Amino acid sequence: MGWVRAGLIAGLVVAGGACRERAGVVGREASVRDLVRQLRAQAESVTGLRFKRDVAVLQRSRSQVRDYVIHKFDEDVPPADLAGAEAAYKLFGLIPDSMNLRAVMVDLLTEQVAGYYEPDSGALFIPTDQEDPFRVRLVASHELLHALQDQYLPLDSIINQRRKNDRRSAAQAVLEGQATFYQIPMLMPEQQPETLPPHWFWRQREAMALQQEQMPQFARAPRWLRETLIFPYLAGADFIGWFVRTHPGREPYGAAMPLSTEQILHPDRYLAGDQPLELQFTGNGPDTVRFDDNLGEFEIGLLITQLLHDSSETSGPAFAQGWGGDRYRVYGANADALVWYSVWDDTPARDRFARALGSAWATGRAGVRGRRSGVTPLTIDGRPGVRLVDAPLHWVGWRALPQAEVVR
């Protein structure tokens, strides 16, 4: 869901309660600047990177934060993309048909943002309603790490890649995961997060979700929004921990940046050079194209979990393993036809997924009056593939279904 973040690097963070005892008294803007200056040397020490320039530190009211969220959302997410993506996630059943995605996201991000770094101005912002010394220190350390990243990476261009949902999500996992990972030794120098067991951070997601559910906008949000909001911080921190252990002295930047959520979830696939396959539709198809993008392994796991109403949250991720690449399109004047192609590493993975998707669609999305759907195993350029079509009964595309091919 990288496109939904609207370029905003929010202040959700994870750290132990022992940090609270180390927090000093933090006042207003001048004190926050002093705090950031103190944290700067710690950020350089734990990352091995040095700041190339100073970071401005400013405070904003909660209403100013909301204005910024709205401005960035509208600036970075073109209205046509927003409308198309909203239609797609409704057709997939990941958000309710009645949901206004922009309104929900603005309210949710306004509530969740504890601080942010803005690449445009190179400034770190702390809301004025953040008065608890522990939380200010926590947020300042996290956002200062984003400021350091910005001096080595083109953050805006990474975050705002269009029609590359899964690749954006993987990049965000690196950015948020690195900030989450390194802020621990910044706040607790005796802690060595690289010694934590694999998947330690991801196993904290239930506790983090419970904490966030104390906030009304988060508690009301659909599972897809809650999970994709948490994913970059926790799954990303696990990936960074693995990278630090296996690539000492290096950063996952530039050509080393992961290209898929599969690589974030399964670092062995990253190490093996298992790059995602890019799919594209051939031609414009039989109807007006409203939007196209992809889901990736993480969101496919969420999709199966949600459609099957799986409270264990284990079957969806399992069926998504073996993903090789995917692409969907939304068609029609009313944005009511969905065609989705995916390719898989091998035939067993494809067949497991096709059976799971067929069952999940029958449980969660099929049977709606006036619509028809089908899940079909097939071969796409010699690779095991699956096609899902869900559209009105009289959709023009049923006579000649859109086709897809592997680009690379």
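Which residue forms a salt bridge with lysine 72, and how far apart are the closest N and O atoms? In this predicted model, the partner of lysine 72 is aspartate 76, with 3.4 Å between the closest N and O atoms. Helix H2 (residues 62-76) holds both lysine 72 and aspartate 76, which are 4 residues apart, about one turn of the helix. An α-helix has 3.6 residues a turn, so residues three or four places apart point the same way. Both members of the pair, lysine 72 and aspartate 76, are buried.

**Salt bridges**

The structure holds 18 salt bridges.

| Pair | N to O distance |
|---|---|
| Lysine 72 and aspartate 76 | 3.4 Å |
| Aspartate 54 and arginine 40 | 2.8 Å |
| Glutamate 44 and arginine 50 | 3.8 Å |

Aspartate 54 and arginine 40 meet through their side chains in a salt bridge. Because aspartate 54 lies in the loop between helix H1 (29-47) and strand S1 (56-60), while arginine 40 belongs to helix H1, the pair ties together parts that are 14 residues apart in sequence. Aspartate 54 is exposed, at 64% relative accessibility, and arginine 40 is partly exposed, at 24%. In the pair of glutamate 44 and arginine 50, glutamate 44 is buried at 13% relative accessibility, whereas arginine 50 is exposed with a relative accessible area of 57%. Elsewhere, salt bridges with shared partners connect Asp81, Arg162, Arg163, Asp292 and Arg327 in one network.

**A buried aspartate without a salt bridge**

Aspartate 150 belongs to helix H5 (residues 133-150). Aspartate 150 is buried but has no salt bridge; arginine 53, the nearest side chain of opposite charge, is 4.2 Å away. The side chain of aspartate 150 does make a polar contact of 2.6 Å with that of tyrosine 117. Apart from neighbours within four places in sequence, the residues in contact with aspartate 150 are Arg53, Tyr117, Pro119 and Leu155.

**Nonpolar cores**

The largest nonpolar core comprises 107 residues, and Phe92, Tyr328, Val330 and Trp340 have the most contacts inside it. Helix H10 (residues 223-246) contributes the most to this core, with 13 residues. Setting aside residues up to four places away in sequence, phenylalanine 92 touches Leu295, Leu303, Leu307, Tyr328, Leu338, Trp340, Trp361, Arg365 and Leu388. A second, separate core has 16 residues, among them Ala337, Val339, Val389 and Trp395.

Met208, Ala209 and Gln212 are the buried residues of H8. Viewed down the helix axis, the buried residues of H8 fall within an arc of 100 degrees, so they line one face of the helix. These buried residues pack against helix H4 (101-112), helix H9 (216-220) and H10. Arginine 205 is also in helix H8 (residues 205-212) and is partly exposed, at 23% relative accessibility. Not counting residues up to four places away in sequence, arginine 205 touches Glu227, Ile230, Leu234 and Glu313.

Histidine 247 is located in the loop between H10 and helix H11 (261-265). With a relative accessible area of 12%, histidine 247 is buried. A polar contact of 2.8 Å links the side chains of histidine 247 and threonine 246. Beyond neighbours within four places in sequence, histidine 247 is in contact with Trp242, Tyr270 and Leu271.

Terms used:
Residues numbered from 1 in each chain as written. Predicted model: local features only at pLDDT ≥ 70, side-chain atom pairs only at ≥ 80, totals over all residues. Heavy atoms only, no water. Core = buried A, V, L, I, M, F, W, Y, C linked by side-chain atoms within 4.5 Å. Buried < 20%, exposed > 50% of the residue type's maximum accessible area, 1.4 Å probe, protein only. Helix = DSSP H or I, 4+ residues; strand = E, 2+ residues; numbered from the N terminus. Contact = heavy atoms within 4.5 Å. Lys, Arg positive; Asp, Glu negative; His and termini not counted. Salt bridge = Lys/Arg side-chain N within 4 Å of Asp/Glu carboxyl O. Polar contact = N/O pair within 3.5 Å; in protein donor to acceptor, adjacent residues only side chain to side chain. Arc of directions from axis to C-beta.
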